[in-house]
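These notes follow a read through the model that is shown below.

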Amino acid sequence: MTRSTTLFRALSILFLLSIFAPVVAQDGYKLRDIAFEGNQTLSDSDLKDLMELKEDDFLYRIQFWKDDRLFDSDALVRDTTRILHRYRTEGFLDAGVTCDVQVNEEKSLVYLKLEIDEGKPILLNDIRYEILADNHAEIEEILSRTDDTQERGERFRDVVITGRQEALLEALGNRGYPLADIDFKLHVHPARYQVDVDWTVDSKHPCMFGEIRVTGLENPLEKQVLRQATNMDSGEYRQSELKKVQRRIYQLGMFQSVAVKALLGEEFAGKIPVEIVLGEAPRHNVKVGVGWGIEDRFRVFAEYKKLGFLGGVRRLHLYAKHSYLEPVNVSMKFVQPDFLHTYGEFSLSPYYKREREISYTMDRLGANMAYQKSYSNFVTAYGNVNYEKNDIAAIHLSDEEVFGEEADDLYEKTVFTIGGFYDSSQPPTDPERGIYVGSSYSVAPIREVSDYEFYKIQLDARVYQRIASWLVVALKLKGGAMEPFGQSETTPVEDRFYAGGSYSVRGWQRSQLGPKNENGYPLGGNSLAEGSLELRYPIYDIFSGVVFLDGGNVWKDSYEYIANDLRFASGLGLRVKTPVGPIRLDFASPVFEKKKELQIHASIGHAF
């Protein structure tokens, strides 16, 4: 492998020197276009990402304040060398590149075409393991349980081999062998275009967790920190436990940096010390924000957070917000992390808000008591009880439409909710992969403390998948049902389902889908079905676009879903990437409708 690679490099350098000598004179011309031919394994965008040279295309030229992108023959030599190296790591040792440089002397433009000859790939022929350990059977069992992503007969790729090496080290580290040494040798058969891989596995001796050291604390929180690492106390070494402890400590909400390191170099008598290095977050934190959206219009909020409230890791949050939809929204939230369980969190939050919707304006005064527990990086369950007094300040619906009977505009509710979700979507503000599945069940069962008796079920599923280097597919399905029972004839107007708007079916304004009264005001419904499909693609730099199709509706009765009533909308959107999430501008119009009024939605964050 080494000899053939060295010869290949030498030939590559001579080849590059010969093909680039004639184009030196074009240095300094604008590079208008870069095109590729013959590349089957790597896409055009993959190859362009490898290159130092960039196109001086239209999207770049409209940024008039930036310097022109110029052709540089030296950069082309480096780019071609980089492309050839990438092909070698992908198993194409005979790959070649031919450059065709077209010059427009009159306009001082260069058009570059790179013709790729991938050649015949090297295939994996044989995989052999040599285990240097007394506990041969145990190590062999660990290796067999670690998925091998490459099989005999497949194209050899450097990244797969190094990935296999990392996976084996991780598997052994999670079974008490953090000092393991794994190496491999490659035996290339150039005439047959095959390679054999010989692995050598030396597990060393098994280890236990040793002393745990905590550094970086400014306040007396060592007891709470060590509580998150109880599984390490004199237990068998597990590499995965380091990440679990890091996540537990982060969830306390007290630290802006957490590092949990195994001090392998200080191993003694089979025990490995662990160091937890912490950076405490400021005890007092204030956030203020101003924004604008088409639905909530001008909005402003302020939040104050006090860490270590009443000592320990408790937190206090004070929050205030104003917008058109919520003229007043103030709340206080007390949080007790590490409650009953290292992954458990208790919170108590009294609040008051004035809620303004198309059909009503309502004052809501209440308190929410909740407990949630994380079972893994992805799975969380929760339960809460919410007591609320509601005062209808203004309404465009009749008593029968709201209450089903004559009633006072002032009423109270006590609602119990249990739910959970699985969330592997990443990254958080602009997901490109993973899924989210959540469900909840709410019930107001006690007439003595609730003027309504009803239950509500909600389901929400989202899938994100990158299907090409330039394209992400996002899919959302959402549904729900609610129903009154006991002495209640209807469900609360503020808890009913509504559809249409920036986060729903975007071809309609907020809450404009579903049943309405004779004056055209939304009644809300007891059944909901929605779905959305988005194709997300880059445009340039921080700008990206989407094409979407939304569908759904709301029905008055419980468990009523009529396919012919579904309404659909399609549209285009623009996204501008920011540290807090994308700024969103969507243009949508109904489809299959006689009246097709264009709707514009603007906000921060994706629709889902």
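1. R584 stands opposite S603 in β25. That strand covers residues 599-604 and is joined to β24 by six bridges, the two strands running antiparallel. Strands here are DSSP runs of E of at least two residues, and helices are runs of H or I of at least four residues, both numbered from the N terminus. Two strands count as paired if DSSP finds at least two bridges between them.

2. On basis and numbering: this is a predicted model, in which local features need pLDDT of at least 70 and side-chain atom pairs count only at pLDDT 80 or more, while totals for chains, interfaces and linings use all residues. Residues are numbered from 1 along each chain as its sequence is written, and side-chain values use heavy atoms, with hydrogens and water left out.

3. β24 (residues 583-591) also pairs with β23, through nine bridges in an antiparallel arrangement. In that pairing F568 stands opposite V591 in β24. The hairpin of β23 and β24 has six residues between the strands, and G581 takes a positive phi near 125 degrees there.

4. Overall, the protein has nine helices and 25 strands. Its C-alpha atoms fill a box of roughly 90 × 75 × 45 Å along the principal axes. Of the 608 residues, 43% are buried. Buried means under 20% relative accessible area, exposed means over 50%, and partly exposed lies in between, with a 1.4 Å probe and protein chains only. Among contacts between residues at least 6 apart in sequence, 59% join residues at least 24 apart; a contact means heavy atoms within 4.5 Å.

5. A three-stranded open sheet has the order β1-β3-β2, with mixed pairing. β1 and β2 (96-104) are its edge strands; each has a single partner strand, so one side of each lacks a neighbour in the sheet. From one strand to the next the twist averages 20 degrees. β1 and β3 (residues 109-117) run parallel and are joined by seven bridges, and L31 stands opposite V110 in β3. Helix α4 (residues 73-89) lies across β1, β2 and β3, at about 150 degrees to β2. Axes are lines fitted to C-alpha atoms, for helices over the stretch in contact, and angles run from 0 to 180 degrees between N-to-C directions.

6. What surrounds S43? The residue sits in the loop between β1 (30-37) and α2 (44-50), and its side chain makes a polar contact of 3.1 Å with that of S45. A polar contact is a pair of N or O atoms within 3.5 Å; within protein, one must be able to donate a hydrogen and the other to accept it, and residues adjacent in sequence count only if both atoms are side-chain atoms. S43 is partly exposed, at a relative accessible area of 28%.

7. Q426 and P427 are joined by a cis peptide bond with omega of about -15 degrees, and P427 lies in the loop between β17 (410-423) and β18 (434-444). Y559 is in the loop between β22 and β23 (567-576) and is partly exposed, at 43%.

8. N174 lies in the loop between α6 (158-173) and β5 (181-189). At 18% relative accessibility, N174 counts as buried. Leaving aside residues up to four places away in sequence, N174 touches Y237, R238, Q239 and S240.

9. One cavity of 30 Å³ or more is found in a search of the whole structure, and the largest cavity holds about 60 Å³ of space. A cavity is a set of points, on a 1 Å grid over the protein atoms alone, where a 1.4 Å probe fits but cannot get out; lining residues have an atom within 4 Å of a point. Grid points are joined across faces, edges and corners, and a volume is the space filled by probe spheres set on the points. The lining consists of L124, I127, D148, Q150, V160, I161, R164, V197 and W199. β4 (123-131), α6 and β6 (194-202) each supply at least two residues, and α6 gives the most, with three.

Key:
On a 1 Å grid over the protein atoms alone, a cavity is a set of points where a 1.4 Å probe fits but cannot get out, and a pocket is an open set with protein on both sides within 12 Å along at least five of seven lines; lining residues have an atom within 4 Å of a point.
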